Structure formats: C-alpha cells, structure tokens
Amino acid sequence: MDLVIEGLSKTYGNGVKALDNVSLTIPKGMFGLLGPNGAGKSSLMRILATLQEADAGSVMLGDIDVLKDKDQVRRTLGYLPQEFGVYPKVSAYEMLDHIALLKGVTAKGERKGLVDALLQRVNLWDQRKRRLSGFSGGMKQRFGIAQSLIGEPRLIIVDEPTAGLDPGERNRFYNLLTEIGENVVVILSTHIVQDVKELCGNMAIINKGKLLYAGPPDESLKSIQGKVWEKHIAKSELDGYAATGKLISNRLVAGRPVIHILSDERPGEGFSSAEPGLEDVFFGAISRSNAENAAR
Ligand code: ADP
C-alpha cells in the first residue's frame, strides 16, 4: 500500500510557502525525506499526521483520504515527533500502558502483553520502571518508537529522530527502525544524509517547499557521476570558491579544506574526479535550487 501525495501546498499566515505543489509516491519500507532546516519537512510530516491542514492537494494512504478521513488515519498512524516536549515523572511502563489505553486497548491482559512486548522490542525492558524524565536521548527515542507502534500502524512518521544521539544510540535506533520498516510505510524526515544512506531504499530531497528529487539513493548518484571534482585547498581560497556558487561541500582533512565542486568539466588546475556520494547529490541539489531561486 503506497502513500500518494499530489499537488500538496501549504502557505503560513506570515506568507512563508512551506510546501509548493509537492507530488510524491511513497512505497512500503523506509523512505528518507531529506532537506535542510526550513525546507518544509516538518510541515509535510504534520500534515500527514493530521496535525495541520494543507491549503491544496490530496494525500491517499491506500483508500484512506488522509486530508479528510482524519480519524481513520489516526487509527493507523504512528507518529514520533521531533520533541515530545514533556517527559513526565512516570515510568516507561506506566506511560506506555496509558497511551495504549488511550489508543483503545481496553482489555487489561491484552494491554499488559502488548506493553511487555513493546518494551522488549525496543530494548527498554530493564528500564521499564525508571522515570521517563531521567531517560537519555537514545532511550527517549526508543520509547518514542514503542509508543508509535501501538495499534499496528500502517504509516509511521519519524521527524528528525537522530539529532542529538551519540553514535551508539544512533546505531541502536537505526537497527530498530530497519526492523519495523519491513512491512509498513516509514517516513524518516532528516537533514542528516547518513540517516538516509544507511536506512532508506527510497528518498526525496526538498528545499524551500519544493521537491527536487524522488527515487532510490543509488539512482541519484548516477545523475552526477563524473561531475564531482575534488581539490585540497588553502583556507584562504575557500571564500573565492564559495563565491562561484558551484561549491557543494567542504570538509577538513587534517585541518585543511577539501572541496567538492559540481561541474560537467574539470573546473580548473589541481582538481581530480571524485566518486559521488549522497552528500554530493544532496548539497548539489540544494545549491542548484538556491542559485535558481536567487536568479529569479
Ligand atoms: P523543516 O522541518 O524542514 O525545518 P518546516 O516545515 O519546519 O521545515 O518549516 C518550513 C518553513 O515554514 C520555514 O521557513 C519555517 O520558518 C516556516 N514555518 C514553519 N512553521 C510555521 C508556522 N507555524 N508559522 C509560520 N511559519 C512557519
């Protein structure tokens, strides 16, 4: 069952066009929604999660009209927002039990079975009696996944899940997501390219409310094959290259900048051809679209 988005637009009261005629089909499995801060990711996630209205367009989850049949969507949705906001002074067990009750699991025995299984699944069984307010970032995210899985959702939305996690926690979280992503639509919204690279069979890139790419990450690499150029430069040269508008990334290697430039031909002395990575696709698409916007 696919999630089919057509012509979705959203403009806020202050005039910011957060989504501009976005059309996108999202199949089962892990789907990465990649965009810089302010791209419109959260706006899209909130509309899909029925927390916000769109101005125009349609969204279908199988035969459910997401923008109209909100109750039906909510019954089949797991949502893990960027920030829960409050972490009450109740235990993980009590909180899951409470959320399960709210989601309609009224039989006590059934609820206990469900909560026990979820705690084990996200590896929080040993912490089940601890207060949520004392949880680490990674534990909070795993708790978030546990609560989102109540009610066997067909659509799971995860907004910027790995921000603030240390590498170990991030890995545990990745493994958990991969397991649950096998049978449902999981949308992972992130500005971290590595999240998408490691997890997602399909992805989209958005910037300033516009869809720039949709498809498998591997295929996106093909489009820039042979066009990525690399050079070790002095720090003082960086501004000059940045001003050309062709610079897609710079990182430091042993304290010296290494830049990547997107160009059909060798951009100059000292450049060597580089193997394209997903970072190049992402930053290339963003810088191209920003340049087009500036030229308009
Ligand atoms: P992302 O999640 O990719 O960072 P958002 O969807 O949060 O992007 O934001 C997209 C754009 O819409 C940004 O320019 C942001 O400032 C603006 N925006 C988001 N929410 C609101 C709001 N409630 N009111 C006005 N502007 C908003």
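Reply: Buried area here is the accessible area, taken with a 1.4 Å probe, that two parts lose on being put together, summed over both. The size of an interface is often given in this way, as the accessible area lost when the parts come together. The model is predicted, and every value below is computed from it.

The domain assignment divides the protein into domain 1, residues 3-216, and domain 2, residues 222-295. Between them, domain 1 and domain 2 bury about 930 Å². Carbon and sulfur atoms account for 75% of that buried area. Counted by residues, the interface pairs 13 residues of domain 1 with nine residues of domain 2 that are in contact with them. The C-alpha centres of the two domains are 33 Å apart.

Ser273 belongs to strand β14, which covers residues 272-273. If its neighbours within four places in sequence are set aside, Ser273 is in contact with Val228 and Trp229. Lys231 lies 42 residues away from Ser273 in sequence, while the C-alpha to C-alpha distance between Ser273 and Lys231 is 9.0 Å.

The ligand is a separate matter. Around the ligand there are 13 residues, of which Gly38, Gly40, Lys41, Ser42 and Ser43 come nearest. By class, this shell consists of five nonpolar, six polar and two charged residues. Helix α1, residues 41-48, supplies the largest share of the shell, four residues.

The side chain of Lys41 places a polar atom 2.9 Å from an oxygen atom of the ligand. On its own the ligand has 560 Å² of accessible area, and the protein covers 64% of it.

Notes
Residues numbered from 1 in each chain as written. Predicted model: local features only at pLDDT ≥ 70, side-chain atom pairs only at ≥ 80, totals over all residues. Heavy atoms only, no water. Near = heavy atom within 4 Å. Polar contact = N/O pair within 3.5 Å; in protein donor to acceptor, adjacent residues only side chain to side chain. Areas by Shrake-Rupley, 256 points an atom, 1.4 Å probe, with all protein chains shown as cover. Helix = DSSP H or I, 4+ residues; strand = E, 2+ residues; numbered from the N terminus. Nonpolar A, V, L, I, M, F, W, Y, C, P; charged D, E, K, R; others polar. Domains from an automatic or database assignment. Contact = heavy atoms within 4.5 Å.
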